[in-house]
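Welcome to my notebook. I looked up a few spots one by one and wrote down what turned up.

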Amino acid sequence: MAQRVITGVENDYLMCSICLGRYNDPRILPCGHTFCRQCLSDHIQQTVSGRSNRQFMCPIDRSPVPSPAQSRQPREWANTFPEDSFLASLLHAVHLHEDARAGGHIVVLPSRRRQPNRPAPSGSVNDPQNTTEEPPPPPRNLSEGLTCVEHAGRLLEFFCLGCNVLVCAHCAVRNHRAPRCECIAVDEAIDRLRPRVEALRQRFQNQMNHIEQISRGEIPVDMVLENSKPRVLQRLTEMETQLSRFTQICLQSVENLRQEIRESSASNTTGNPQLSLLFDAIQETKLTFDNVMQINSSPDLLSTLPRVESQADEYDAAMMAVSEYSTPSSEIEFLTNAAFNNFLRNPPPVGSINIKRAPRTHSQVQNTRVSQTTTNTRTNTRVGRDQNTRNRQGQTNRANQGQTSRVRREGTFNVTPANRTGAPVSQQTPIVRPTVTPRNPPRQMNPRRRKGPQKSKSTINVKNLQEDTMTWQLTGITFVGYSVVVVDSYNHMVRQCSIAGSPTMNKSFYIESPLGITSLTDPTEVAVTQPDKRKVVILTLDPDIRVKETIGTQKQYEAISQLNGIYFAVTCTEGRRCVDIIDRVGRIQKSIERSQLFRAPRYLTITSESSIVVSDREQKHVVCMTQTGQVQWTYPTPVSPWGVAADGTGNVYVCLDNNCVHVLSEDGSLIDDSFIAAKDGIRVPYAICARSRQVAITEFGSSLFAPNSPWVHVISA
């Protein structure tokens, strides 16, 4: 039977129309007819006369065939026509069969329905383990494969790449000879189309991943909504800044009321004539006594002393009498503002969020309908099932659709995919809209992380309107009540500025060569270092800035911070660089000299555990140590550090030379590396102070050679 098939194929497809023999190197013409290469070359040379003739006639249909190459001779034209790959495949199969018969074996062409990974049957000519002892397998029945509908009994052994259909040999030769058609063997077609198959599988996977990302909220769907978010967040930040300013104003008002209470006694006694007369009498007696002291006469002094002592006793009695009987009794009351009190009890909402939904356009409605129609069509399609299986699946689908229709809710649509076993699975997938929450929302696989509260920032300009200076160097800063006290070392000034913007609290005091500053236990006092003078000055701020006490030191100290309420921790960068602990009279209690630990200790701060944190610009790290000099931890910084400050609640803030501020814990762990970033606009954070939920920072400025910024930035969390 195999020989009859081979003979029929040879008579129908493998015979050249010129030589009437089997094709030898078949070449196909643009008209679709095939000839042997040598036969075609002889025909061209016999019919083309002269080099000016650039075409010849097809031997079968006499249609003109143009020259395939203008620069070649007619005898070379046949070599340039393409090889007929389909007929070449048939010739190869026939040659294999004839070679096998000559060797005493029978070759059975495998069915095209065999899986690609299935091994070839033992005994075939392609089996490297073939032995003559094993009998060849029985020939397979060709009718088991897919057969052609138009040509009964012919297997669909070829695939047309142009038409994307399986064809038999007869259809390939007769019906698929157009220029766009290319008929090749099924195995070869699978190998050639495998990249398209893999690309399609990857496309499906990408679509699934995209849908999962949308469901997790990683990819925005509504770009108008996403674009409007920054604008609304900016308005909320502005609202938060206004609320912070409102809070500072209220706190400043409370502080002003406290100040009125403190000054109420002085105002109550102002204008009392008895006190004025008593003051004049005491002053006259004091002058008389001072004259006696200046004369330096011992008899006069001895005779005058008892009389002056008795006069002083009389003055004490007069002062007591004036305070008891002359001054009327007074009592202070606090009158609350009823409207403000109601506001505090029932604060109104700051606002609400309204998401406006734009009406759907006609094209969007049509796209939704087409998408649902396509989904339903693909859901009900089954390929490769027999009729009974399709009937059972149709009954299952109708039952699922009927059950789903009874529980259908607004915002859902039905999907009935097939699982790996072929059984349909019915599920409901909600369509989540921005302002409508479905009754049965899907479980989120990975919800988006919510961001922390926004920080509000305000700026203070320390420059007075009367000043004409253009350069500032704010080397130290500290909180005092509802104000900040800043050291301006360039202009030899100590400046106090209100955080709430109250101009009555802005004060300035001239002091020669100030550098570092720290607040003290008394909330109205600060300590300022004068390294050039080898002094530490205690300043009082109430009611005006003035010198209260001066402490002489043995070294030139720069940064300063109060330690345990009675000592100071100070840094020295001249001579033997060290960190000293001194008392209130300037005596050194402990000197920590660690050349390997720090080379340029510039700023320092004290933690809640009374540990000392020092920044070192040369070695680019921050060191925490005990009061005895034992190192607790070291934090390396990417650039040189400037000011450091502890807020007393476990956070340590570090200013860096790259316009950033890092937040550390008191055990040296990094909490936040972007508390202040370059985008925040602080040009080289310099000195810093911190307290609970509030930080104040000075900046060096944009100049590379000299500091030139008068701005103080206050960040409230």
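**Entry one: a lysine.** I began with Lys286, which is exposed at a relative accessible area of 52%. My cut-offs are under 20% relative accessible area for buried, over 50% for exposed and partly exposed in between, with a 1.4 Å probe and protein chains only. I found Lys286 in helix 9, residues 273-295. I also checked its distance to Ala312, 26 residues along the chain, and the C-alpha atoms are 9.7 Å apart.

**A note on the model.** This is a predicted model, where local features need pLDDT of at least 70, side-chain atom pairs count only at pLDDT 80 or more, and totals for chains, interfaces and linings use all residues. I number residues from 1 along each chain as its sequence is written, and side-chain values use heavy atoms, leaving out hydrogens and water.

**Entry two: a threonine.** Is Thr553 buried or exposed? I noted it as buried, at 12% relative accessibility. Thr553 sits in the loop between strand 18 (546-552) and strand 19 (560-563); helices (H or I, at least four residues) and strands (E, at least two) are DSSP runs numbered from the N terminus. Beyond neighbours within four places in sequence, I saw Thr553 in contact with Arg534, Lys535, Val536 and Ile582, contact being heavy atoms within 4.5 Å. A polar atom of the Thr553 side chain lies 2.9 Å from the backbone oxygen of Lys555.

**Entry three: a sheet.** I then traced an open, antiparallel sheet of 3 strands in the order 6-5-7, where pairing takes at least two DSSP bridges between strands. Strand 5 (residues 158-160) pairs with strand 6 over 3 bridges, and Phe159 has Leu166 in strand 6 as its bridge partner.

Conventions:
A polar contact is a pair of N or O atoms within 3.5 Å; within protein, one must be able to donate a hydrogen and the other to accept it, and residues adjacent in sequence count only if both atoms are side-chain atoms.
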